[in-house]
Amino acid sequence: MIQTIAFYMFAIIMIASAVMVITARNPVHSVLWLILAFFNAAGLMVLVGAEFIAMLLVIVYVGAVAVLFLFVVMMLDIDVAAMRAGFIRNFPLGIVVALILLAELVLGIGAYNVGAINLGTPPAGDASVVAESNTAAIGALLYSKYVFLFEIAGIILLVAMIGAIVLTHRPSKSKRGQQDIGKQVRRNPDEATVMKQPEVGKGVEL
Amino acid sequence: MSYANSLYLTGAEIGLSIAGLVLLLATAWTTRSSARAITIAAVTALFGALIFNLSLANDGVGAAAFGGLLEVDAFSIFAKSLVYIATIACLIVAPRYFEDRGQFRGEFAVLMLFNAVGMGIMVSAVDLMTLYIGLELSSLSSYVLASFARRDDKSSEAGLKYFILGGLASGIILYGVSLVYGFSGTTSYDGVRAAFDADFSTGALFGVVFVLAGLAFKVAAVPFHMWTPDVYEGAPTPVTAFFASAPKVAAVAMLVRMAAVPFGGQAEAWQQIVIFAALASIVVGALGAIGQQNLKRLLAYSSINNVGFILIGLAAATPAGISGVLVYLSIYVFMTIGSFVALLMLRTEKGEALATFDDISGLSTSSPALAWCLLALMFSLAGIPPLFGFWGKFVVFQAAVQADMIALAAIGIAASVIGAFYYIKFVKVMFFDEPKGDAPAKAPVSHWVVLGLCVLVISPLGYLLTPWLGSVADAAAQALFFAA
């Protein structure tokens, strides 16, 4: 019962926030709605017992991608004062959203403790699950059967890195010269200072 | 299948990856002047991979590696050899082009090596996941190569266009793959075939269509060809030569295996798509090239046109048709590389490329040897009989006629006459127009060697190869149908 309630809650909020992503006027709000959508997708994954994918969603999408988006969005020209203007007015709404998230958290954990939703029995011919937790099961497959693909995926990432460096790296030669720390340290008073006796009425000649 | 045997079967990929990693370190720790040495080392590694790959043909082919992720059979050995040969040729002619512009760096050779690894995986993939991984490795390095001359606006534009459209195509393929997996319950080609033979639903058909649409993008078949002229024109010429040869071979080989093995039981489902793409490519490739002034753009349309002929062989969906595809591909690789090497040799003393029809008018007086080589290449691309290009067209049309697709063959032959127009225009401008621009500068020996070999293959002497090429291609095509 708690699972069904949790499912509908996650599903409705996810769809609603996905709609808000594309309808929100302010791009920063869009990104925040997107994060909410990701969180709810993670909740759905927890409900079907795929806690590893749920954690991946949170870590990869919410953690990395959304923050990256936020950086990009921050570079857009947005009037911060206009955004702050509605703070007090929108405060109750913020509290409501916070309460919804809290309720989701409680429901999600409660539903997870009750057990995964039964999605039907797999066909008899399907391979049995290797390990107890699905993190271990994915790991067992990834490092045995699919090790070749795993290694090649590593090379793909390396190629992406080489590409980024090849296309953007420039040999650093600033026009103002460079700081040579060794040269600075080697300086001593004898060669750095000179004694001069300027004649009256004339400037110092160095 | 033991683990050591799997490693042995994928030896070419593993060797090339290790070579790429070592050369990457060498590039990072040395100055730019080492770029030439690194390129030579990369060519050596590719030669090694080629020989290793050919040696696999002798002992026990038809073996699956890593529990059915990759398969080494006559087909993959054939396609992989072509890919390696094309990559070697492009690496040999690349250094001078980039040195003229002061942009030659060791990473170029490293990216080509990783690209070759990706293409090798593509042609021997017998699992949807292997296919995608190989495709991405090859595509990702191609995007970087397209914008390698980063100070050149056109090169950056080419890289960006290729990246965005290529990313879209990858997404389409991935969506199709997910549908195919969803409706068949397995990612292995044989498993998909068995599942589809038992039950082929509308959803699965959608999956097949999406996968084919994405692959059509990768081979630059109409209606997914829009990126080709821009990318081919903007990318540095050695990279364009590479795009038109090696990745195209790999993508066509992947498409053929996909169509023949997992979707082989549903030939009527994909045949109409392939027939449409073939005819549209031939017509658009022929008509689009007519107005072009830029030689690289012209050759881009020529490659679209050629993909159409290759797809005619696939549309026949018979072993003879697949064999025709492979024969056509091998001849096409030599014609394309020859043409682009000739373009690379068309440069002034200052290192500027002679890139338009005006620049090459009267080439027969300023550089007769080059003009005659280009004449042979253009006549061969047009499919004029004494040259080897005719044989490629002949085998695919023969396969289409044998498969009772006479209308397809007739339209194809009619459209190839339109295509002959601009190839012959090329020859007319070189031989019968007054010289206008500067004469091309002397080209290094390496360029002449590559060009000479290509011209030798496509010359009438190439017909000496037909019995051997035919039997190898037949064996390769048979490997697909035997597996299925």
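How many residues of chain A are in contact with chain B, and how many of chain B with chain A? Select both chains of this predicted model: 13 residues of chain A meet 23 residues of chain B. On the chain A side of this contact, 11 residues are nonpolar, one is polar and one is charged.

Colour residues 1-77 together with 93-117 as domain 1, and residues 131-167 as domain 2. The C-alpha centres of domain 1 and domain 2 of chain A are 26 Å apart.

Now move to chain B and select helix α14 (residues 319-345) and helix α20 (residues 445-458). Their axes come within 9 Å and cross at roughly 145°. The crossing of α14(B) and α20(B) is left-handed. To see the contact, show side chains on both helices: α14(B) contributes residues including I331(B), F334(B), M335(B) and V341(B), while those from α20(B) include H447(B), V450(B), L451(B) and C454(B). The residues of this contact divide into 14 nonpolar, two polar and no charged.

The last stop is V256(B), in helix α11 (residues 237-260) of chain B. Is V256(B) buried or exposed? V256(B) is buried, because 26 other C-beta atoms lie within 10 Å, and the cut-off for a buried residue is 20 or more. Leaving aside residues up to four places away in sequence, V256(B) touches L314(B), I322(B) and V325(B).

Methods: Residues numbered from 1 in each chain as written. Chains lettered and ligands numbered in written order. Predicted model: local features only at pLDDT ≥ 70, side-chain atom pairs only at ≥ 80, totals over all residues. Contact = placed C-beta atoms within 7 Å. Nonpolar A, V, L, I, M, F, W, Y, C, P; charged D, E, K, R; others polar. Domains from an automatic or database assignment. Axes fitted to C-alpha atoms, helices over the stretch in contact; angles between N-to-C directions. Helix = DSSP H or I, 4+ residues; strand = E, 2+ residues; numbered from the N terminus. Left-handed = near helix turned anticlockwise from the far one by under 90°. Buried ≥ 20, exposed ≤ 12 C-beta atoms within 10 Å, placed from the backbone.
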